[in-house]
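Hi,

Here is the structure I promised to pass on. Have a look at it first, and then read my notes below.

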Amino acid sequence: MTANAWSVIPEDWVTSPFSGELPSTLFRYRSLSDNWVEKRFEFEVLNEAVFLAGADTLNDPDEGRVQWIARGSFEVALKVVMGTLLAENKGVNPSELLPHASTVARAMVSSPNIPTETAKQMHEILGKTLRIACFTTRLLNGPMWTHYGNFSHGNGAITPHGGLCIEYQVDESWRLAGLRPVEYVEIRPEINMLARDCLGAQFAHATSVKSPDWAYEDEWRLVAYIQAKPPWPSNLAANSKLKLEGSVRSVILGLNANGPTVEKIVAAIQTKMPKIAVKRIVRNELTGALDTVRL
């Protein structure tokens, strides 16, 4: 493996795929800016691809934060510690590492709670290696438009609801890519570092849990785990991408989405990808209800 190489480890997720019913449609809110067409339009709409952001860049500061524990027998702990030390000290005789490994393993099983500094390091690593793309089942969600669907002008001004929403058609390929719903619970999930036989299932659960405060988002997410460690490879973020060919069904403009950028988006879709419908959010002035109309 070269210094800049990385690989997604799908087996971490297929060990515990979501077995429930998938939604037929998902939406992804996008805030626009004057240069959004040049930076993201071709990638996200015309190429039907998504960027999976690092967990440490998302707007929930508790994203990826779990309770790390080490609960198991001394024999299991010793095996795990020795495996780590051998990987970090290639070519060293295992017998030279055994005394230190034994000391660490005994400390691990004496208390299930791992040291605070170790937990901090694990969270920082997950922040980079855990990659997430977020979606929702809710299109006509006022708070979602307010938080994620605005237009940011170069002078710092914001046009509320001036962004757009991308509509995706979901099929079984999304399940294989790691799609699962977010669970909104009060209890922070645990990951037992010594339960190696179900580590994938633990990660799959831990990466789809958020506080009930976020339940209004009704979030579904695609998750990937990148095999990398500090110092981080230069292409870590650049290659965190997934193509969802044939999945973009429509682009829905917000209530206040107008201006040259929006006009360029509409013209490009109609010219280069006419199979993608262009819609707009509208409000019924009599009832106040939101709806969509096709342009």
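Predicted model: local features only at pLDDT ≥ 70, side-chain atom pairs only at ≥ 80, totals over all residues.

Residues are numbered from 1 along each chain as its sequence is written, and side-chain values use heavy atoms, with hydrogens and water left out.

Strands (E, at least two residues) and helices (H or I, at least four) are DSSP runs numbered from the N terminus. E14 covers residues 219-225, and seven of the seven are buried, so the rest of the structure largely encloses it. Buried here means under 20% relative accessible area with a 1.4 Å probe, protein chains only. Glu 219, Arg 221, Val 223 and Tyr 225 point one way, while Trp 220, Leu 222 and Ala 224 point the other.

E14 has these partners (two strands pair if DSSP finds at least two bridges between them):
- E6 (residues 130-136) runs antiparallel to E14, joined by seven bridges, with Leu 130 opposite Tyr 225.
- E10 (residues 180-181) is also antiparallel to E14, over two bridges.

Then there's the second largest pocket, lined by 31 residues; Arg 28, Tyr 29, Arg 30, Arg 40 and Leu 58 lie nearest its centre. E6 turns up again here: along with strand E1 (25-30), helix H2 (36-46) and helix H6 (142-148), E6 gives two or more residues to the lining. A pocket is an open set of 1 Å grid points, over the protein atoms alone, where a 1.4 Å probe fits, with protein on both sides within 12 Å along at least five of seven lines; lining residues have an atom within 4 Å of a point.

Cheers

Technical notes
Buried < 20%, exposed > 50% of the residue type's maximum accessible area, 1.4 Å probe, protein only.
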